[in-house]
Amino acid sequence: MSRIKLFRIISIVIMILIFWFSHQNGEESLKQSNFILQYLKEFLDIFNLDIRKLAHFTIYLILGSSYFLSFKSLDKKSAIISITLTFLYACTDEFHQGFVPGRGPALKDVFIDTLGGCLGIVLIFLFFNSNKKPIIK
């Protein structure tokens with residue numbers, strides 16, 4: 001299986017996973033967060049991190065990365081398309097949450113999601129393009 005097909009499949013699986021998490025009502029989502037929080041509480045307290053926002057950031061970092069890796073060429077155009085796809089999926093995810101009891105859309109989450117995707121895309125872009133000669137000397 002080619003890298004492109006593999007990462008397209010991974011992207012779809014992650015999108016389904018995000019949809020599934022977003023479809024859970026507020027009470028169920030809180031239970032999951034609290035379960036994970038009991039194991040990570042000390043680490044999160046040290047850095048003053050919110051487990052839910054960290055989860056948003058991380059899953060979209062993975063989604064943005066897999067979008068980007070599903071392109072034949074890992075160039076700036078592919079990076080911009082991947083960032084756009086990440087942003088659009090974050091928007092649809094928040095829209096979807098508006099219909100789930102105990103949940104609601106949050107513009108802050110769209111920002112966090114997109115930022116996570118951007119970081120993943122930028123890191124991969126830099127990794128694959130680090131051995132090229134600089135344009136400006």
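Which backbone oxygen does the side chain of Asn129 reach? In this predicted model, the side chain of Asn129 reaches the backbone oxygen of Leu74, at 3.3 Å. Asn129 itself belongs to helix H5, which comprises residues 107-129. Its relative accessible area is 17%, and because the limit for a buried residue is under 20%, Asn129 counts as buried.

Along the sequence, the elements follow the pattern α-α-α-α-α. Of the 137 residues in the chain, 34% are buried. Among contacts between residues at least 6 apart in sequence, 69% join residues at least 24 apart. The chain exposes about 9300 Å², and carbon and sulfur atoms supply 72% of this area.

Helix H1 may now be considered in detail. H1 covers residues 3-23, a run of 21 residues. At 1.5 Å a residue, H1 should span 30 Å, and the distance of 30 Å between its end C-alpha atoms agrees with this expectation. The buried residues of H1 are Phe7, Ser11, Ile14, Ile18 and Ser22. Viewed down the axis of H1, these buried residues fall within an arc of 70°, so they line one face of the helix.

Definitions and conventions. Residues are numbered from 1 along each chain as its sequence is written. This is a predicted model: local features need pLDDT of at least 70, side-chain atom pairs count only at pLDDT 80 or more; totals for chains, interfaces and linings use all residues. Side-chain values use heavy atoms; hydrogens and water are left out. Helices (H or I, at least four residues) and strands (E, at least two) are DSSP runs, numbered from the N terminus. The expected span of a helix is 1.5 Å times one less than its number of residues. Buried means under 20% relative accessible area, exposed over 50%, partly exposed in between (1.4 Å probe, protein chains only). The arc is that of the directions from the helix axis to the C-beta atoms. A polar contact is a pair of N or O atoms within 3.5 Å; within protein, one must be able to donate a hydrogen and the other to accept it, and residues adjacent in sequence count only if both atoms are side-chain atoms. Contact means heavy atoms within 4.5 Å. Accessible areas come from the Shrake-Rupley method with a 1.4 Å probe; for residues, only the protein chains shown count as cover.
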